[in-house]
Amino acid sequence: MEYDEKLARFRQVHLNPFNKQQHEQGAGEEALDITSQARLPELPPGEPESRCPERVMDLGLSEDHFARPVGLFLASDVQQLRQAIQECKQVILDLPEHSEKQKDAVVRLIHLRLKLQELKDPNEDEPNIRVLLEHRFYKEKSKSVKQTCDKCNTVIWGLIQTWYTCTGCYYRCHSKCLNLISKPCVRSKVSHQAEYELNICPEAGLDSQDYRCAECRAPISLRGVPSEARQCDYTGQYYCSHCHWNDLAVIPARVVHNWDFEPRKVSRGSMRYLALMMSRPVLRLREINPLLFNYVEELVEIRKLRQDILLMKPYFITCREAMAARLLLQLQDRQHFVENDEMYSVQDLLDTHTGRLGCSLAETHTLFAKHIKLDCERCQAKGFVCELCREGDVLFPFDSHTSVCADCSAVFHRSGLLLRQFHHVP
């Protein structure tokens with residue numbers, strides 16, 4: 001005990017950088033007295049002198065929580081670090097639970113494991129890239145984020161484990177699980193086959209799958225022996241608990257047929273596919289379900305706004321001020337709105353259901369109309385005068401009280417019978 005106290009006092013004098021300042025101010029006489037009484041103990045033969053406190057502090061082992069001399073913990077290779085880790089674990093078990101010394105020992109154990117990880121898997125300037133089954137994996141640098149491995153369904157401990165993320169479908173897994181992956185990247189399916197399954201839960205039965213998971217082919221059954229069979233509401237197929245985590249997603253088939261946005265349970269692969277397809281305009285509603293516009297008033301309003309925007313587009317692409325102001329970029333998140341009025345994405349339909357799309361599109365419509373009819377003289381000059389009555393204000397094809405001739409694109413007031421006698425107006 002006397003040896004430990006003398007050693008601690010010696011370190012307090014020589015390893016604390018603040019003591020040097022106190023010594024310069026004349027407050028170091030007591031420290032010199034202590035040094036003369038407590039000599040630094042001799043280190044075992046072959047051990048270097050303790051002149052590198054930085055390495056000791058890196059591992060968090062500068063205190064005397066171990067019976068062995070400090071020099072033995074200046075580990076420089078994997079074997080020594082593993083031995084230090086084992087000894088640290090034993091010390092944690094021996095110390096009283098929830099004590100401060102035990103907490104300090106746990107912190108030192110983490111530092112030791114980090115040091116071991118650096119030696120086994122050194123950091124690189126650029127992350128490692130691995131390509132497997134069209135996945136493009138890159139090594140993650142984050143150590144504090146808690147994730148779950150999509151392959152083995154266990155927690156990824158970023159502090160002590162190396163893990164990868166696919167840049168295409170965001171598939172996450174341990175480095176040890178990479179070679180066990182059997183499912184190709186969903187991004188490739190989105191690129192090559194960008195279409196939905198539009199049959200509602202097209203179930204074929206477990207017998208059609210030979211009572212095996214549709215993804216990993218593991219044995220499954222409805223009784224949970226040897227593994228529970230979980231149905232994906234999007235594909236209608238059955239999956240094991242490793243491939244189906246009961247994730248919830250909006251099903252496109254239920255939306256376009258029933259206007260049903262209730263999230264259903266889907267497999268991990270279906271969830272990633274639906275997430276990547278969410279903003280892709282691949283649904284032609286007039287062909288899939290033309291009656292939907294008769295029962296959903298919001299869709300009728302959205303279709304009218306989109307048609308008006310398409311009529312405004314020729315004004316903007318020939319107007320310098322509009323091009324300079326980049327007005328069409330107001331719809332950059334929904335580029336298909338300035339290309340056609342037929343294609344919809346699931347995100348469009350979801351925002352229509354919640355009312356967000358109607359509000360945002362109405363604001364954009366007002367902004368566009370204001371530029372054409374009020375702010376820009378060039379766009380105002382491209383207006384029309386009704387050739388039938390020759391009266392009233394300048395007309396524009398997107399005005400609600402006008403009609404456009406299908407043959408010559410002339411614009412008229414909505415005057416019913418007289419209009420239909422001279423022009424083909426819908």
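Visitor: What share of the 426 residues of the protein counts as buried, and what makes a residue buried?
Guide: In this predicted model, 38% of the 426 residues count as buried.

Visitor: Why is Asn246 called partly exposed?
Guide: Its relative accessibility is 32%. Buried requires under 20% and exposed requires over 50%, so Asn246 at 32% counts as partly exposed.

Visitor: Where is Asn246 placed, and what is its phi?
Guide: Asn246 sits in the loop between β8 (238-239) and β9 (247-249). Its phi is positive, about 60°, although Asn246 is not a glycine. Most residues other than glycine have a negative phi.

Visitor: Which loop holds Cys201, and what is the phi of Cys201?
Guide: Cys201 belongs to the loop between α7 and β7 (230-231). Cys201 is not a glycine either, yet its phi is positive, at about 45°.

Visitor: What is the volume of the second largest pocket, and which residues are closest to its centre?
Guide: The volume is about 390 Å³. Of the 20 lining residues, Lys183, Lys189, Tyr234, Thr235 and Tyr273 are the closest to the centre. The helices α7 (186-192) and α9 (268-277) each supply at least two residues of this lining.

Visitor: How does the lining of the second largest pocket divide into nonpolar, polar and charged residues, and why is Tyr counted as nonpolar?
Guide: The lining has eight nonpolar, seven polar and five charged residues. The nonpolar class used here includes Tyr, therefore Tyr is counted there, whereas Lys is counted as charged.

Methods
Residues are numbered from 1 along each chain as its sequence is written. This is a predicted model: local features need pLDDT of at least 70, side-chain atom pairs count only at pLDDT 80 or more; totals for chains, interfaces and linings use all residues. Side-chain values use heavy atoms; hydrogens and water are left out. Buried means under 20% relative accessible area, exposed over 50%, partly exposed in between (1.4 Å probe, protein chains only). On a 1 Å grid over the protein atoms alone, a cavity is a set of points where a 1.4 Å probe fits but cannot get out, and a pocket is an open set with protein on both sides within 12 Å along at least five of seven lines; lining residues have an atom within 4 Å of a point. Grid points are joined across faces, edges and corners, and a volume is the space filled by probe spheres set on the points. Helices (H or I, at least four residues) and strands (E, at least two) are DSSP runs, numbered from the N terminus.
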